[in-house]
Amino acid sequence: MAERLFPTEDPVREAVLQWTVDRDAADVRRLLTWLPEARSSKEREVLMLRVRGLLDELTDALDALEAMR
């Protein structure tokens with residue numbers, strides 16, 4: 001990520017959004033590594049529902065970060 005010349009108007013919100021992006025990306029990676037090891041279609045479905053939810057949250061956080069710039 002590029003350094004900005006001036007700080008954002010809300011550095012706390014920016015830090016929380018960046019933490020959310022980092023955390024959700026790590027969680028999605030972990031869940032996707034578990035997917036091939038799922039023992040049933042129900043287990044795979046639950047994992048994919050969680051991945052989709054995290055991706056939605058990740059998209060919202062990235063959009064909010066972009067809007068701050």
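Is Glu14 buried or exposed? Glu14 is buried, with a relative accessible area of 16%, where buried means under 20%, exposed over 50%, and partly exposed in between (1.4 Å probe, protein chains only). This is a predicted model, in which local features need pLDDT of at least 70, side-chain atom pairs count only at pLDDT 80 or more, and totals for chains, interfaces and linings use all residues. Residues are numbered from 1 along each chain as its sequence is written, and side-chain values use heavy atoms, with hydrogens and water left out.

**Helices**

- Helices are DSSP runs (H or I, at least four residues), numbered from the N terminus.
- The expected span of a helix is 1.5 Å times one less than its number of residues.
- Helix H1 covers residues 11-34, and its 24 residues should span 34 Å; the end C-alpha atoms lie 35 Å apart, which agrees.
- Helix H2 (41-68) has 28 residues and reaches 41 Å from first C-alpha to last, close to the 40 Å expected.

**Packing between H1 and H2**

- Contact here means heavy atoms within 4.5 Å.
- In H1 the buried residues are Glu14, Leu17, Thr20, Val21, Asp24, Asp27, Val28 and Leu31, and they pack against H2.
- The buried residues of H2 are Leu47, Val51, Leu54, Leu58, Ala61, Ala64, Leu65 and Met68; what covers them includes H1.
- An α-helix has 3.6 residues a turn, so residues three or four places apart point the same way.
- Thr20 of helix H1 is buried at 15% relative accessible area.
- Leaving aside neighbours within four places in sequence, Thr20 is in contact with Glu57 and Ala61.

**Nonpolar cores**

- A nonpolar core is a set of buried Ala, Val, Leu, Ile, Met, Phe, Trp, Tyr and Cys residues joined through side-chain atoms within 4.5 Å.
- The largest such core has seven residues: Leu17, Val21, Leu58, Ala61, Ala64, Leu65 and Met68.
- H1 and H2 are the elements that give two or more residues to this core, and H2 gives the most, with five residues.
- Another core lies apart from it and has six residues, among them Val28, Ala38, Leu47 and Leu54.
- Met68, a member of the largest core, touches Thr8, Asp10, Arg13, Glu14 and Leu17, not counting residues up to four places away in sequence.

**Salt bridges**

- The structure holds four salt bridges, each a side-chain nitrogen of Lys or Arg within 4 Å of a carboxyl oxygen of Asp or Glu.
- Glu14 pairs with Arg69 in a salt bridge, with the closest N and O atoms 3.9 Å apart.
- That pair links distant parts of the chain, 55 residues apart: Glu14 is in helix H1 and Arg69 in the segment after H2.
- Arg69 counts as partly exposed, at 44% relative accessibility, whereas Glu14 is buried.
- Arg23 and Asp27 form a salt bridge at 2.6 Å, N to O.
- Arg23 and Asp27 are separated by about one helical turn because they are four residues apart in helix H1.
- Asp27 is buried, with a relative accessible area of 18%, while Arg23 is partly exposed at 33%.
- A network of salt bridges links Arg23, Asp27 and Arg30.
- Arg39 and Glu43 meet through their side chains in a salt bridge of 3.7 Å, N to O.
- Arg39 is exposed, with a relative accessible area of 75%, and Glu43 is partly exposed at 29%.
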